Amino acid sequence: KPGNKGGLGAGRWHFFMDEEQDIFRAVENSALKRLNGYSHARFDLTTNCRNTREIIRVASMISGVPMNDEGAVEGLEPKIVHYRDGADQVAKVSGVVDGLLADGIPAKDIIILSGHKLDKSSFAGVEKISGHKLRDITHDSGEYMKPIDFCTIQAFKGLERKVVIAVDLLALDKPVGRRLHYCGLSRARTMLVVMLGEGEIGPGR
């Protein structure tokens, strides 16, 4: 932090951490132990300023990670859409986007989040969704006319969008999937759409 002198021992620092979002397992126990060795005050942040109560409920159900709904407002009911295969998932996502656009939701407020990179996802080779350019913002920052954005959950960590469509969810019953889906589904501010294969449900249900 600019202006802090005296290092960790004598400086003034603020660290923010959500262990469930450590999807890369990059935080080492030795680092936490070192931080805890200094004089410090710990404060749990319990107010949810991003998600609606309905998004919290469904994100917790799918990921199996309990989420705090203190301070959350009421909102739209999330949608869970089942698909047969990759092609059916793309077709149903296109239908969902059609409906969102028809309801007046701008394309810039919509993002498709995937557990896979685009070329490994069901959307590999797909150039347009609902007549709009499918832009992979994981790598592409180009300017297009009202694109529909696509991104991996990993690359979108820490960001948010009004409408999140979650696709290609992985390992629903394993810890790595639990953290990934919690991170991805909690990016939604107003509306959440979760695409699941036929017969799939989240571990919290």
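This is a predicted model: local features need pLDDT of at least 70, side-chain atom pairs count only at pLDDT 80 or more; totals for chains, interfaces and linings use all residues.
Residues are numbered from 1 along each chain as its sequence is written, and side-chain values use heavy atoms, with hydrogens and water left out.

**View 1. Arg57 pairs with Glu77.** Their closest N and O atoms lie 2.1 Å apart, which counts as a salt bridge because a side-chain nitrogen of Lys or Arg is within 4 Å of a carboxyl oxygen of Asp or Glu. The partners are 20 residues apart: Arg57 belongs to helix H3 (residues 53-63), and Glu77 to the loop between H3 and strand E1 (79-83). Helices (H or I, at least four residues) and strands (E, at least two) are DSSP runs, numbered from the N terminus. Arg57 has a relative accessible area of 44% and Glu77 one of 46%, so each is partly exposed; buried means under 20%, exposed over 50%, and partly exposed in between (1.4 Å probe, protein chains only).

**View 2. Asp88 meets Arg84.** Here the closest N and O atoms of the salt bridge are 3.6 Å apart. Asp88 is buried at 9% relative accessibility, whereas Arg84 is exposed at 59%.

**View 3. Lys162 reaches Asp109.** In this salt bridge the closest N and O atoms are 4.0 Å apart. Lys162 sits in strand E6 (residues 161-167) and Asp109 in the loop between helix H4 (86-102) and strand E2 (110-114), 53 residues apart. Lys162 is partly exposed at 36%; Asp109 is buried at 10%.

**View 4. Arg53, Asp69 and Glu74 form a network.** Salt bridges link these three residues. Across the whole structure, the search finds ten salt bridges.
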